[in-house]
Amino acid sequence: MTDPTESITDAVTHLHNLLQTKEKELKEREADFARRVKIFESTNPSMGSDNDVIQLNVGGRTHIAVLRSLLTQFEGSMLAAKFSGRWDDSMEKDRDGNIFLDQDPDNFMILIDYLRMRMNNQLKHVLVKHRPKPTYKLCAMLEYYNLMPGVYSQTWVGGEQFDCEEIGYGIVTLSSKEGEKATVLHPTGTYRCIMSPEVLEFTVEFDKGTSGAVGWITCIDQGEDTESNCSFDAVVGNSLFLNIEARTIFGPTKVLEQNMRINHTDSSTKVICQRSTMKNKQMESSIEVGDNAKVTANIPYYQNNYSLLPVIQFTGKVTVSGIKYAIDQLTTG
């Protein structure tokens, strides 16, 4: 007689393998699409001028005039592609010839105000405190136009032991200074009054030879450098993280995975960190290291003024990308 436990295990294994295959196929299709878009853009260059004045009708609100250069600041965004000049003839227009955008005009004007602040800044930078307050309606629109990496760009804090450089749209490198160990957090939500939604996912690639740790930690803003007081070589009750050198994933109460097939001195190490929304005062969080392992654990979430934050400790250089935000948790606005 067949053991029902073995049948269930086989079914779960089959579903897991099927899911991995589908994920691989999806990534290949996305890569192919990105390649085709790049070829199209190279053979169909922008036909518009930065000084073109664009007349807009946003959700029925007219008399909105902006420079093309204002709308195309973030080259990796769909908004920039839409107003590159390639599509002007095919875009929807009202009876007066204004380009029509079916968006909430109040939220779109918040975006316009932000873009104007950035345009007027010599460094093309807006301080975190001047970012718009994130609401569901605003962030849903920003996601539609792929503007979340621009408006709510990566903000890593942790003293003066590291340098941060944006190397692509939504991609930054963090480098520790003179071989020092740097520990950084990505503050969001209520932590330190940062105007940014909470992070649901981020990807970190440790350069070859770079040591350190990466994961999630629950923090409360008490006006001190909480991030510098954490230990990343042992179990910490309010965290889940991978220590690259130890080749070990530490959970809130125990070691979850060890002796992993990674070697930071021979090759780079790519790590994907994810988390869910809060359930029963806990956050389900996970760490995925290539084909080595994907480990999930629940991290205690104590009260409203606590935040579950991305954390990275490193000596050397890391590249951070793929940040996804928890916009569904935001108020409607």
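Glu-288 stands opposite Lys-294 in strand S14. The model is predicted, so local features need pLDDT of at least 70 and side-chain atom pairs count only at pLDDT 80 or more, while totals for chains, interfaces and linings use all residues. Residues are numbered from 1 along each chain as its sequence is written, and side-chain values use heavy atoms, without hydrogens and water. Helices (H or I, at least four residues) and strands (E, at least two) are DSSP runs, numbered from the N terminus.

Strand S13 (residues 282-289) and S14 (residues 293-300) run antiparallel and are joined by eight bridges. Two strands pair if DSSP finds at least two bridges between them. S13 and S14 form a hairpin, with three residues between them. In the turn, Gly-290 has a positive phi of about 50°.

Met-283 lies in S13. Met-283 is buried, at a relative accessible area of 1%. Buried means under 20% relative accessible area (1.4 Å probe, protein chains only), exposed over 50%, and partly exposed in between. Met-283 and Thr-218 are 65 residues apart in sequence, yet their C-alpha atoms are 9.7 Å apart.

Thr-269 belongs to strand S12 (residues 269-279). Thr-269 counts as buried because its relative accessibility is 4%. Its contacts (heavy atoms within 4.5 Å) include Phe-206, Ile-244, His-264 and Val-289, leaving aside residues up to four places away in sequence. The C-alpha atoms of Thr-269 and Val-289 are separated by 7.6 Å, with the two residues 20 apart along the chain.

In helix H5 (residues 136-144), the buried residues are Leu-138, Cys-139, Met-141 and Leu-142. Seen down the axis of H5, they fall within an arc of 155°, so they line one face of the helix. The arc is that of the directions from the helix axis to the C-beta atoms. Helix H4 (105-120) and helix H6 (148-151) are among the elements that cover these residues. Asn-146 follows H5 and has a positive phi, near 55°.

The largest nonpolar core has 63 residues. Such a core is a set of buried Ala, Val, Leu, Ile, Met, Phe, Trp, Tyr and Cys residues joined through side-chain atoms within 4.5 Å. Leu-56, Leu-174, Phe-202 and Ile-312 touch the most other members. H4 gives the most to this core, with five residues. A second, separate core of ten residues includes Ala-213, Cys-219, Val-236 and Phe-250.
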